[in-house]
Amino acid sequence: MSAPPDQATVDAPPKRNGTTTSALLEKYAKQKERIKTKTGPPGGFDPTPLPDAPPGYTVKFTFYRAFHLPIADLHLHSSDPFIYATLLHAAPTRHKEDPVLTRRTRTLRRTTEPEWREEWIVANVPASGFALKCRLYDEDWPDHDDRLGNVTVRVPHVSEDWEGFGPEGKIFEVKKRSGSRRAYFVHGIRSVFCRNVPLTPRLQLGIEVLGKSDPPHAQVYTVGPTHWVKHYSPMIGWVTGVKVNKDADNDATSSIHSKKSRRTKKFDFQANEIQLAGPVPPKLYHRYVEFRPMIGRMFSSKGLRGRILNAVLHKQHHRVYNFDSSTEYGNFEACSEEASLQFLKMVHFDEGGRIFTYVITLDGLMRFTETGKEFGIDLLSKHSMHSDVATYIACSGEFFIRRLAHPRKSHHRHHSHVSGESSSTQAPTPPTHPPNENIGDGPPKSPPPPKPQLYQLIIDNDSGTYRPDKSVLPDLQKFLERNLPGMEIKAMHCDEEELKKMKKMQMEIKKKEGPAVRMVLNRSPSSSSFSSDDESRLGDLANLGDDDDDEGGGLGLRSKKERAFDLVQEPQRWREVIGYPKKRKTGDLEKGKGLDGAGDEDEKVGGKVREEEEEEEGVKEGGDGKAEGDVKGHGGKTKVDGDVKDLSDSKEQDEKREEKSGDTEGNGSGNGNGDAASSGVETKA
């Protein structure tokens with residue numbers, strides 16, 4: 001007969017692959033603590049140089065047209081087609097996570113015979129060839145876009161002697177296997193009854209070699225055409241109270257205070273993309289900062305929680321940068337004053353004291369949206385959302401526009417305005433708006449003058465996600481000065497006191513000239529009851545931050561989606577995230593106090609302690625965010641903020657309750673947050 005097992009052996013936790021669960025948890029905790037205690041967590045500026053590569057070639061791709069596409073929108077008997085192209089090549093990269101080059105054409109409405117005739121010029125395509133994959137879609141916002149098929153063109157070798165596809169391009173058959181079954185089922189029926197409609201769609205493409213590219217040869221980038229895209233979201237615009245002109249040209253022509261100003265404006269939140277002419281300076285190379293292990297899994301989409309968070313941010317990106325019938329497209333001449341003027345139109349010149357959050361990709365695509373305390377939409381101001389969860393980007397931060405009273409009289413402007421440098425040839429800064437309101441023609445009294453020389457772009461590296469280094473600011477400034485000539489560019493470090501004062505001026509002018517703050521956000525009840533002009537509550541929203549998240553808000557002022565986001569990142573905080581009452585000590589139960597000194601109060605009924613868990617919407621009726629003040633019960637009636645609510649249908653019910661509770665008086669007081677503690681009377685909301 002074998003000896004009984006030792007008690008310690010019985011109580012030991014189960015093993016997983018030879019390692020106890022407690023050991024795994026301890027290892028994870030040590031790894032997390034080690035990353036937190038690092039003075040410089042992994043990420044931020046990456047000094048990895050460009051690899052050596054032989055000279056490449058500049059290639060022009062032309063998307064001509066498509067033939068006989070299937071009908072994806074049955075109710076319209078047509079489609080809204082566009083092409084999403086990806087360029088794959090064998091050129092060496094600094095890291096395997098570097099993004100591939102992509103290009104999206106504009107969407108053509110209600111046609112199965114689209115004709116785009118759009119060009120895409122790429123530099124440093126290697127001589128070893130490339131593969132161009134063109135996916136055709138039918139745009140269906142807010143639903144998923146329907147796949148209409150794809151065409152893959154493989155070129156094994158590129159040289160200056162290669163003839164390409166000729167001036168009219170080449171026609172390729174579209175592979176239907178990856179297309180929408182529903183669309184091709186209808187298309188098959190259509191081809192049976194219409195002899196002139198073939199079953200297989202076709203795509204006409206053009207490829208031409210323009211010559212050898214300039215160094216650096218290891219950097220494959222978009223040369224042109226430089227273009228811009230405006231994405232509109234009326235719902236987000238209504239939520240945040242953002243109004244824009246129906247015609248962007250009105251920014252520089254119409255009077256701000258004209259009688260027709262109300263009719264010429266609309267609620268719209270605007271997300272912007274502008275393709276700058278490459279190459280991006282090689283020094284502008286930043287990786288996300290892994291200040292928590294969960295951040296690494298989120299960007300790499302590893303593990304269950306990492307995949308969930310990655311998918312959430314991708315969805316947020318596509319929600320803000322959505323393509324629909326209101327999306328606007330356009331091209332402009334690269335590195336010209338036309339480019340500067342188009343950029344100023346997209347930021348509405350110096351109107352309203354706006355501040356923008358931006359991200360510049362490694363291919364020179366600049367994405368930006370307006371930011372501020374009132375833009376409290378879930379994850380909206382996260383640079384990870386703007387970058388579409390890209391591992392590496394060029395730079396990120398914030399910027400704003402100021403109007404000069406007159407152009408600065410200096411011929412060395414591009415060498416003297418880099419933050420931290422000085423020059424004897426630099427002229428003093430003329431008066432600007434903001435803060436001055438009377439410096440000539442322009443907001444808030446007249447339309448902004450359409451002259452790039454009268455505007456100053458202040459751009460910084462204020463990004464907790466990527467934390468761009470101060471040393472790259474001169475390269476960022478030179479890159480923007482080349483792409484936006486005429487404007488005065490000033491790149492500054494986010495910790496400079498002068499920059500903080502400028503941003504404070506922007507906020508003050510925004511209160512005077514900007515739109516009224518509309519606080520009807522998707523927030524928890526603790527924050528949904530403050531008014532649209534309650535600046536103190538906006539301050540609370542900014543000050544209550546999560547200790548582990550430099551960009552997040554306090555748990556008490558977070559929406560359901562944000563709480564779920566936090567719960568996925570740190571499951572051990574589930575009590576705090578969902579608002580579950582904390583465990584209490586025996587001594588505190590007798591005193592009727594919780595461990596945190598606030599929250600739900602315990603109630604003693606019949607000598608027993610009873611804890612009531614409130615719903616997240618709070619004890620309320622009629623949609624009030626929370627019940628403020630004391631709650632008092634008298635004879636079956638409860639008084640909440642002066643409103644008397646009858647809780648009993650008859651005196652007999654009251655008498656039965658009094659008999660059950662004994663000789664007690666139905667008087668109690670709440671904790672000021674709508675939590676009612678009463679004896680003898682059961683309060684239901």
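This report covers salt bridges and the surroundings of one lysine in a predicted model.

## Salt bridges overall

Across the whole structure, a search finds 20 salt bridges.

Aspartate 80 pairs with arginine 109 in a salt bridge. Their closest N and O atoms are 3.9 Å apart. Aspartate 80 sits in the loop between strand S4 (57–67) and strand S5 (81–89), and arginine 109 sits in the loop between strand S6 (101–104) and strand S7 (115–125), so the bridge ties together parts that are 29 residues apart in sequence.

Aspartate 80 has 10% relative accessibility and counts as buried, because the cut-off for buried is under 20%. Arginine 109 is partly exposed, at a relative accessible area of 35%. The pair also belongs to a network of salt bridges that links Asp80, Arg104, Arg109 and Glu139.

## Glutamate 118 and arginine 106

Glutamate 118 and arginine 106 meet through their side chains in a salt bridge, with an N to O distance of 2.6 Å. This pair links distant parts of the chain. Glutamate 118 lies in strand S7, while arginine 106 lies in the loop between S6 and S7. They are 12 residues apart.

Glutamate 118 is buried, with a relative accessible area of 11%. Arginine 106 counts as partly exposed, at 28% relative accessibility.

## Arginine 117 and glutamate 115

Arginine 117 forms a salt bridge with glutamate 115. The closest N and O atoms are 2.7 Å apart. Arginine 117 is partly exposed, with a relative accessible area of 46%. Glutamate 115 also counts as partly exposed, at 38% relative accessibility.

## Lysine 503

Lysine 503 is found in helix H11, which spans residues 497–513. Lysine 503 is buried, and its relative accessible area is 11%.

Glutamate 398 joins lysine 503 at 2.6 Å. Aspartate 462 joins lysine 503 at 3.5 Å.

Leaving aside residues up to four places away in sequence, lysine 503 touches Ile355, Glu398, Phe400, Asp460 and Asp462.

Notes. Residues numbered from 1 in each chain as written. Predicted model: local features only at pLDDT ≥ 70, side-chain atom pairs only at ≥ 80, totals over all residues. Heavy atoms only, no water. Salt bridge = Lys/Arg side-chain N within 4 Å of Asp/Glu carboxyl O. Helix = DSSP H or I, 4+ residues; strand = E, 2+ residues; numbered from the N terminus. Buried < 20%, exposed > 50% of the residue type's maximum accessible area, 1.4 Å probe, protein only. Polar contact = N/O pair within 3.5 Å; in protein donor to acceptor, adjacent residues only side chain to side chain. Contact = heavy atoms within 4.5 Å.
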